[in-house]
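Please find below a colleague's note on the model shown here. The points are numbered and may be read alongside the sequence and the structure.

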Amino acid sequence: QVQLVESGGGLVQAGGSLRLSCAASGRTFSSYRVGWFRQAPGKEREFVAAISWSRAVTYYAGSLKGRFTISRDNAKNTVYLQMNSLKEEDTAVYYCNTRPDRDGSNWNFSWGQGTQVTVSS
């Protein structure tokens, strides 16, 4: 089973940038799709972006494409989320998760600690 550790969150001013990392231990991301999600206070968790590890195909929530970029580093077995032009509404806890890289599969039911991103005005 893949264990995930999110990092890279912090406090940033509006308009700034952050890069989040999702590192895997236990096994590689091979054959998985890796996704980023976020949950703001009082709101449902929402999908942000995902990447097919083997095919490098990327998926984005429509409203975030253009500001956020997901990428992977094979050697480090890590997925990144580059977030630019941050807005206050991007404030949330960000989580990564995995699912088998095939249509119809489900995201893992368990979630890690996440990493807090706070955007100030």
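1. Nonpolar core. The largest nonpolar core comprises 29 residues, and W36, V79, L81, M83 and Y94 have the most contacts inside it. Such a core is a set of buried Ala, Val, Leu, Ile, Met, Phe, Trp, Tyr and Cys residues joined through side-chain atoms within 4.5 Å. At least two of its residues come from each of β3 (18-25), β4 (32-39), β5, β7, β8, β9 (92-100) and β10 (115-120). The most is given by β3, with 4 residues. Strands (E, at least two residues) are DSSP runs numbered from the N terminus. In soluble globular proteins, nonpolar side chains tend to be buried together.

2. Basis of the model. The model is predicted; local features need pLDDT of at least 70, side-chain atom pairs count only at pLDDT 80 or more, and totals for chains, interfaces and linings use all residues. Residues are numbered from 1 along each chain as its sequence is written, and side-chain values use heavy atoms, with hydrogens and water left out.

3. Surroundings of Y94. Which residues are in contact with Y94, leaving aside its neighbours within four places in sequence? They are E6, L20, W36, F37, R38, V48, F68, L81, M83, G114, T115 and V117. Contact here means heavy atoms within 4.5 Å.

4. The disulfide. The structure holds 1 disulfide, a term for a pair of cysteine sulfur atoms within 2.5 Å. C22 and C96 form this bond, with their sulfur atoms 2.1 Å apart. The torsion about the S-S bond is about 75°, so the disulfide is right-handed. The bond links distant parts of the chain, since C22 is in strand β3 and C96 in strand β9, 74 residues apart. C22 is buried at a relative accessible area of 0%, and C96 is buried at 2%. Buried means under 20% relative accessible area, exposed over 50%, and partly exposed in between (1.4 Å probe, protein chains only).

5. Strand pairing around β3. Strand β1 (residues 3-7) pairs with β3 in the antiparallel sense over 5 bridges, and L4 stands opposite A24 in β3. Strands β3 and β8 also run antiparallel, joined by 6 bridges. In that pairing, C22 stands opposite V79 in β8; V79 is also among the residues with the most contacts inside the largest nonpolar core. Two strands are said to pair if DSSP finds at least two bridges between them.

6. Salt bridges of D101. The model has 5 salt bridges, each a side-chain nitrogen of Lys or Arg within 4 Å of a carboxyl oxygen of Asp or Glu. One of them joins the side chains of R33 and D101 (3.0 Å, N to O). R33 is in strand β4 and D101 in the loop between β9 and β10, so that the pair links parts of the chain 68 residues apart. R33 and D101 are both buried. D101 also forms a salt bridge with R55, the closest N and O atoms being 2.9 Å apart. R55 lies in the loop between β5 and β6, so this pair ties together parts that are 46 residues apart in sequence. D101 has a relative accessible area of 17% and is buried, whereas R55, at 45%, is partly exposed.

7. Leaving aside its neighbours within four places in sequence, S52 is in contact with Y32, R33, V57, Y59 and D101.

8. The side chains of D90 and R67 meet in a salt bridge (2.8 Å, N to O). This pair also links distant parts of the chain, with D90 in the loop between β8 and β9 and R67 in the loop between β6 and β7, 23 residues apart. Both D90 and R67 are buried. Salt bridges that share partners join R38, E46, R67 and D90 into one network. Side chains of opposite charge can pair when their charged atoms come close.

9. Positive phi values. Most residues other than glycine have a negative phi. Phi of A56 is near 60°; A56 is found in the loop between β5 (46-52) and β6 (58-60) and is partly exposed, at 35% relative accessibility. Phi of N77 is near 50°. N77 lies in the loop between β7 (68-73) and β8 (78-83) and counts as buried, at 11% relative accessibility.
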